[in-house]
Amino acid sequence: MTDPLEHATGLVKQELLSKVAGNEQNPFDMRVYKCVSGDSSNQTMVPSFYASRLVGCICEEDATCVNRMWLHTGEAKRCECGYWFKFDDAKPMV
Ligand SMILES: [Zn+2]
């Protein structure tokens with residue numbers, strides 16, 4: 001079998017290279033963040049490589065659906081449940 005890395009291009013290649021570099025779990029920063037207290041002075045920082053990012057809030061621990069909202073550059077937004085999220089410019093992948 002040939003090495004799949006040799007044939008990969010674009011985002012797939014970036015993901016594979018990121019795994020090779022030791023970032024096994026989180027090449028695109030897609031992990032679930034544990035909310036901080038979430039009030040307006042202690043917001044959950046949401047890193048994004050782009051000018052906006054879709055945020056999902058699991059409002060209650062046993063919630064069966066995810067509340068989604070768009071967050072744009074420099075913006076802070078409050079979810080219906082009261083948690084605050086703040087946009088954070090992410091460093092480009094290396
Ligand atoms: Zn919420």
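Modeller: Happy to! First, pLDDT is the predictor's confidence in each residue, from 0 to 100. This is a predicted model, so to speak of local features we need pLDDT of at least 70, side-chain atom pairs count only at pLDDT 80 or more, and totals for chains, interfaces and linings use all residues. Residues are numbered from 1 along each chain as its sequence is written.

Biologist: Which elements have the lowest and highest mean pLDDT?
Modeller: Helix α2 (residues 10–20) has the lowest at 79, and strand β3 (residues 67–72) the highest at 94. Helices (H or I, at least four residues) and strands (E, at least two) are DSSP runs, numbered from the N terminus.

Biologist: And what is the mean for the protein chain?
Modeller: The chain averages 82, with 84% of its residues at 70 or more.

Biologist: Now the sheet. What is the strand order?
Modeller: β1-β5-β4, an open sheet of 3 strands with mixed pairing. Two strands pair if DSSP finds at least two bridges between them. β1 (44–48) and β4 (76–78) are the edge strands, each pairing on one side only.

Biologist: Which way does β1 pair with β5, parallel or antiparallel?
Modeller: Parallel, over 5 bridges. Val46 sits opposite Phe87 in β5 there.

Biologist: How many bridges join β4 to β5?
Modeller: 3, and those two strands run antiparallel. Lys77 has Phe85 as its bridge partner, while Arg78 faces Trp84.

Biologist: What about the hairpin of β4 and β5: how many residues lie between the strands?
Modeller: There are 5, and Gly82 in that hairpin takes a positive phi near 110 degrees.
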